[in-house]
Amino acid sequence: MNVSIASQAGSTVRPAQAGVRRVPGQALFWAFQSYVVIAVACSSFFPILFRYQEHAVIILSVLCLGMCWLERVNPWIKTPLDLPLWLFITWVLCTVPFATDPSYSFAEWKKFVAQAVVFYWVQLVLHRCRREHLPQQILWSLTLGASILALYALVEFVDRGGTWKDRNIRAHAFGSDYNWLNTYMVMTLPILLTMLLIFRERRVRIVGGLALGLGVLAQVASYTRAGWLGHVVQLGTYGFISGHRRVVVVMAGIVAVASLAFVVIPKTGHQVDTVDPWTLEARAAVWKLGLKDIREHPLVGVGYGNDTFIKRHREYSPAAQAEKKERERVLPAMHSTFLMIALGSGVPAFIFFLWTFVTIIRVLIPFPWSPQMSDGVVLVTGVGIAVVGFVTRNLFDYMFAGSLAHLFWILVAVGVTVRSADRQRLAAG
């Protein structure tokens, strides 16, 4: 890599000294914070550690505010997504009194606020820490966590008797399931691929290539069609912004081959469950019920949170459906983050949430594409494409939760910070 990614962001990552009060141990404090960010990024691939991460982030954020007060530094870092994000947070809070279960919706709202704190905490650490290569180190810690998770998933998949013949056995994430595993891969494989493109060292490319291979195998073994669709959308996004017709042709070829395989392979008796459309039919059924509730409560919704649907329609709970002789083609949740938000807090919340994602993608993905873009911008583009895949994944399931949300906000914080620094560098000439 000819130019260090973080060095391009040096004017932003390195704190300005004018007006900053010297505090004993401040360098050690911010160095410690940076190491914790790296650790949280790596451990986000293991949901079993989420509660420890959550408590640590809250405590460290408070300590950061205290240090900024001692240093006489404004801890607030303005970003383009502040307005839609805080409009969303405020609106959801205002709808809590109208919820089916206000105490549950308020608890879910607090969880989202705690997740958003991760974004502002990582941004603050990136701006106040003197370690110029911190953004790069955070992304490498993500690749390490993803590689460990992929290796674990593949070993566990083989150990349980998983095969290529059908998806009766699927690769799982550590302490979670196949949905989490494929979402992790959707978020990290674009980062890995981008880092392979911009790093020229042979040993780095070998390690990165092995990590990418493990991730691809884990993604395939998860047998989750929404995850595969996420990668198709990511590839299409890259082809669109770069203007590379070859990418579009490759994507079309992959889709054609996959479609043909889905038709031919089941006729041999293999992958029958993989192509069975019952999960899509079940989603369509629950979406129909949700859209009906949205039409009846378009302004404030019926209660924020993924479990609100069951609280409102108890006849579709797993226990109630188990008592019926025939299998109900209705899933016990909305199985779409965006519809869950529209149902829970109304159309305004949906608009603010969508606005937040559009803003993030607009900031991270440059358009039109230029071959002369710096390595930092190319890497940030990879982060933006990861966000596109995450959005696609959340269209079919509620995956904006727990350590997945932590991972998402860490990626966004790194991307926004490096992108802002690159723009400052260009403006300064």
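Mentor: Buried means under 20% relative accessible area, exposed over 50% and partly exposed in between, with a 1.4 Å probe and protein chains only. This is a predicted model, in which local features need pLDDT of at least 70 and side-chain atom pairs count only at pLDDT 80 or more, while totals for chains, interfaces and linings use all residues. Residues are numbered from 1 along each chain as its sequence is written, and side-chain values use heavy atoms, with hydrogens and water left out.

Trainee: How many aromatic pairs does the count come to?

Mentor: Rings of Phe, Tyr and Trp (its six-membered ring) pair if their centres lie within 6.5 Å; planes under 30 degrees apart count as stacked, over 60 as edge-to-face and the rest as tilted. By this rule, the number of aromatic pairs is 27.

Trainee: Which kind of pair do F88 and Y304 form?

Mentor: Both F88 and Y304 are buried. Their ring centres are 6.3 Å apart and their planes stand at 70°, so the pair is edge-to-face.

Trainee: Which kind of pair do F390 and F400 form?

Mentor: F390 and F400 are both buried. Their ring centres lie 5.7 Å apart with the planes at 45°, so the pair is tilted.

Trainee: Is Y223 buried or exposed?

Mentor: Phi of Y223 is near 50°, a positive value in a residue other than glycine. With a relative accessibility of 7%, Y223 counts as buried.
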